Amino acid sequence: MTLRVLALTCTLKPSPAKSSSDLIARQLLDLFAEHGATGELVRVVDHDVRPGVEADMGDGDAWPGIRRKIADADVLLIATPTWVGHMSSVAQRVLERLDAELSETDDEGRPAMFGKVAVAAVVGNEDGAHKIIADLFQALNDIGFTVPAQGATYWNGEAMQGGDYQDLDETPEAVAATNATLVRNAVHLANVLREHQYPAS
């Protein structure tokens, strides 16, 4: 079966505005495609994802539809900008909504997200990428996702300057190499977990 990748872009900019987070997520999806994986991108801010920690907050909440896409995916990519040294509020809301999965289990009693891989991409013209990745991975691991070796990529612009990732003429060599490693390791791990799911007890 073909691996499925879902990219949640957590930019604060609604479509069709250009977004550095969206750009790096699309670059990663292109690399996943080279490994035979199918990908889909959801710009979360385009959807009415309500605040809360339940699977469905009712009253037009768009999260249940996104949640179904996560359930169908083998790999979840969260791409977020850096704002005042932290992940975006949209990315934080995604984590809050994923908290509901802690009480969901499969037919054998395992947490529902066991067997799924999580990776991250962070962009910004200020420091904070390492802290954001640490926070994302701790939360996603608590929820049940598995993080591959070197499963994150990031780009930080020059300190005290205003450049964006999307303004670059080309992807920096170090970022391109990290992107390739992230995808290669995520595909490997997802295939391993497909064949060897975590034990139920």
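Which residues touch the most other members of the largest nonpolar core? Within this core of 31 residues, that place is taken by Leu8, Ile70, Leu76 and Leu140. A nonpolar core is here a set of buried Ala, Val, Leu, Ile, Met, Phe, Trp, Tyr and Cys residues joined through side-chain atoms within 4.5 Å. Buried denotes under 20% relative accessible area, exposed over 50%, and partly exposed in between, with a 1.4 Å probe and protein chains only. The model is predicted, with local features needing pLDDT of at least 70 and side-chain atom pairs counting only at pLDDT 80 or more, while totals for chains, interfaces and linings use all residues. Residues are numbered from 1 along each chain as its sequence is written, and side-chain values use heavy atoms, with hydrogens and water left out.

Helices (H or I, at least four residues) and strands (E, at least two) are DSSP runs, numbered from the N terminus. H4 gives the most to the core, namely seven residues. Leaving aside neighbours within four places in sequence, Leu140 is in contact (heavy atoms within 4.5 Å) with Leu76, Ile78, Leu95, Leu98, Ala118 and Phe145. A second, separate core holds 27 residues, including Leu3, Phe32, Leu77 and Leu189.

Attention now turns to a helix pair. Two packed helices are described by the angle between their axes and the distance between the axes. Helix H1 (residues 20–34) and helix H5 (residues 173–195) have axes that come within 9 Å and cross at roughly 50 degrees. Axes are lines fitted to C-alpha atoms, for helices over the stretch in contact, and angles run from 0 to 180 degrees between N-to-C directions. H1 and H5 are therefore oblique to each other; angles under 35 degrees count as roughly parallel, over 145 as roughly antiparallel, 65 to 115 as roughly perpendicular and the rest as oblique. On the H1 side, the contact is made by Ile24, Gln27, Leu28, Leu31 and Phe32, and on the H5 side by Asn179, Ala180, Leu182, Val183, Ala186 and Val187.

The loop between strand S2 (38–43) and H2 contains Asp61, which counts as buried because its relative accessibility is 10%. Asp48 is 13 residues from Asp61 along the chain, and their C-alpha atoms are separated by 5.9 Å. Asp59 is also placed in the loop between S2 and H2, but counts as exposed at 66% relative accessibility. Its phi is near 55 degrees, a positive value in a residue other than glycine.

Val84, too, is not a glycine and has a positive phi, of about 45 degrees. The loop between S3 and strand S4 (86–87) holds Val84, and this residue is exposed, with a relative accessible area of 70%.

Leu12 lies in the loop between S1 and H1 and is partly exposed, with a relative accessible area of 39%. Apart from residues up to four places away in sequence, Leu12 touches Val45, Trp83, Ser88, Ser89 and Val90.
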